[in-house]
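Thanks, everyone. I'll take a few minutes to walk through one model. Here it is on the screen.

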Amino acid sequence: MIDESDITYQFINCTILKDHKIVKDNLWVRNGKILNPEKVFYDEKVKSNKKIDCQNSLIAPGFIDIQINGGFGVDFSHDTGSVEAGLQKVAKGLLAHGVTSFCPTLVTSTPEVYAKVIPKVKKTAGGMDGASVLGLHLEGPFISPQKQGAHNPNAIRGLDKGIQTLDEVYGPLDNVQIITLAPELPRATEVISSLVRRGITVSLGHSTADLRQGEEGAKHGASLITHLFNAMLPFHHRDPGLVGLLTTDNTRPLFYGIIADGVHTHPAALRIAWRAHPKGVVLVTDAISALGLPEGTHHLGELSIQVSQGKAYIAGTQTLCGSIASMDYCVRYFRKASGCSVVEALEAASLHPAQAIGLSQVKGSLDYGADADFVLLSDDLHVDSTWIAGRCVYKAGS
């Protein structure tokens with residue numbers, strides 16, 4: 001009997017997104033990793049144990065959503081009594097949309113909420129039970145009250161004690177991948193530097209920062225912008241604000257999340273951002289608990305949300321508060337709205353988010369040695385099947 005780890009799979013009758021091109025080729029997988037077929041042929045002198053006919057599908061790296069507040073009736077910041085069950089429900093639901101890894105996101109919350117949730121959202125490998133959890137994205141509470149968006153104003157905090165404030169509010173940060181904060185806050189730059197030394201990606205957002213303050217944040221290690229154009233100063237020709245960072249020379253790559261759902265960002269704004277900095281675009285859903293559910297009343301943290309006509313607002317207001325779009329929809333919409341190529345749209349949902357959080361050696365590509373997390377897509381970029389560690393975890397219609 002052959003051990004599962006010794007089985008070599010060969011995916012045939014497909015095209016592959018590899019090295020920034022779509023090529024006609026086979027994909028080889030063993031023990032959850034992408035294989036170099038030349039080593040199989042010439043060094044090991046073996047053939048594949050199993051061939052899988054992809055029926056002319058396109059194989060692309062699995063999608064990675066680094067900002068998602070919940071979905072399928074679950075809100076990560078609100079459902080504090082059933083954190084693990086809610087996390088598993090979302091992780092499972094995302095497979096149908098080609099998402100193989102994600103960062104569960106907590107909006108601005110109280111220390112009591114963080115104490116209940118953060119220790120229970122552990123980094124875990126994906127599989128049949130759902131997408132991989134790459135670590136938490138803590139969006140707040142260290143943000144500008146003037147750009148709170150749909151966040152609870154009563155829970156917003158300053159950085160009075162520097163990094164000590166974060167330790168007091170959040171507790172241990174072992175399970176955290178990204179923290180969004182406003183760079184104009186006093187002591188923000190020292191906090192950014194400290195977080196980067198701990199291996200945490202710092203994103204700038206929910207901010208009234210001017211360009212100089214944004215550049216200071218980037219200079220101290222911030223490498224991401226949270227949902228570009230939303231919850232920040234609008235572009236102005238005399239001071240472009242955080243948007244101006246797209247054209248600023250930085251010592252390290254700068255990435256920006258953008259919500260391509262047809263609601264949060266106008267197609268012209270998508271085009272402007274993409275053409276200004278195409279290698280930095282990271283598609284995020286910013287999805288809320290209403291993802292995958294009918295319209296009605298839902299939650300985002302402590303706030304009630306009303307979903308109507310494809311848009312989500314804080315109940316009783318006209319304030320947008322997250323998306324109800326799936327990642328595969330965002331990929332299709334972004335491609336059409338920006339005019340980019342299929343490759344560029346797919347890499348915005350896979351390679352770029354992996355690069356933004358420092359995981360591109362194992363996630364976001366079909367390079368040899370990378371995790372065998374991928375999605376089979378139709379010609380119009382709908383999901384036929386989703387694979388994690390070389391195993392099929394979702395198949396459309398089954």
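Start at Ser-132. Setting aside residues up to four places away in sequence, Ser-132 touches Thr-100, Ser-101, Phe-102, Thr-124, Ala-125, Gly-126 and Lys-363. Ser-132 sits in strand β10, residues 132–133. Is Ser-132 buried or exposed? Buried: its relative accessibility is 4%, and the cut-off for buried is under 20%. Take one of those contacts, Thr-100. Ser-132 and Thr-100 are 32 residues apart in sequence, yet their C-alpha atoms are 6.0 Å apart in space.

One caution before I go on. This is a predicted model.

Now the whole chain. The protein chain has ten helices and 22 strands. Its radius of gyration is 21 Å, close to the 21 Å from the globule rule for 398 residues, so the chain is as compact as a globular protein of that length. Along the principal axes, the C-alpha atoms fill a box of roughly 65 × 45 × 40 Å. How many of the 398 residues count as buried? The figure is 59%. The accessible surface comes to about 16,700 Å². Carbon and sulfur atoms own 51% of that surface. On contacts, take pairs at least 6 apart in sequence: 69% of them join residues at least 24 apart.

Next, two helices. Val-113 is in helix α3, residues 111–117. Val-113 is buried, with a relative accessible area of 11%. Beyond its neighbours within four places in sequence, Val-113 is in contact with Ser-77, Thr-80 and Glu-302.

Helix α5 runs over residues 188–197. Which of its residues are buried? Ala-188, Val-191, Ile-192, Ser-193, Ser-194 and Leu-195. A reminder on helices: an α-helix has 3.6 residues a turn, so residues three or four places apart point the same way. In α5, Ala-188 and Val-191 are both on the buried list, and so are Ile-192 and Leu-195. What covers them? The cover includes helices α4 (163–170) and α6 (211–219), plus strands β12 (176–181) and β13 (201–204). After α5 comes Gly-199, with a positive phi near 85°.

That brings me to backbone geometry. Most residues other than glycine have a negative phi, and most peptide bonds are trans. Here are some departures. A cis peptide bond joins Gly-140 and Pro-141, with omega about 10°. Pro-141 is in the loop between β11 (136–139) and α4. Asp-286 is not a glycine, but its phi is positive, near 55°. Asp-286 lies in the loop between β16 (281–283) and β17 (296–300). Asp-286 is also buried, at 6% relative accessible area. Ala-231 has a positive phi too, about 60°. Ala-231 belongs to the loop between β14 (224–225) and β15 (255–258).

Rolling a probe the size of a water molecule over the atoms shows where empty space is left. The largest pocket has a volume of about 240 Å³. Its lining has 18 residues. Which lie nearest its centre? Gly-149, Ala-150, His-206, Ala-231 and Leu-320. By type, the lining divides into seven nonpolar, nine polar and two charged residues.

Terms used
Residues are numbered from 1 along each chain as its sequence is written. This is a predicted model: local features need pLDDT of at least 70, side-chain atom pairs count only at pLDDT 80 or more; totals for chains, interfaces and linings use all residues. Side-chain values use heavy atoms; hydrogens and water are left out. On a 1 Å grid over the protein atoms alone, a cavity is a set of points where a 1.4 Å probe fits but cannot get out, and a pocket is an open set with protein on both sides within 12 Å along at least five of seven lines; lining residues have an atom within 4 Å of a point. Grid points are joined across faces, edges and corners, and a volume is the space filled by probe spheres set on the points. Ala, Val, Leu, Ile, Met, Phe, Trp, Tyr, Cys and Pro count as nonpolar, Asp, Glu, Lys and Arg as charged, and the others, Gly among them, as polar. Helices (H or I, at least four residues) and strands (E, at least two) are DSSP runs, numbered from the N terminus. The radius of gyration is taken over C-alpha atoms; the globule rule is 2.2 Å times the number of residues to the power 0.38. Buried means under 20% relative accessible area, exposed over 50%, partly exposed in between (1.4 Å probe, protein chains only). Contact means heavy atoms within 4.5 Å. Accessible areas come from the Shrake-Rupley method with a 1.4 Å probe; for residues, only the protein chains shown count as cover.
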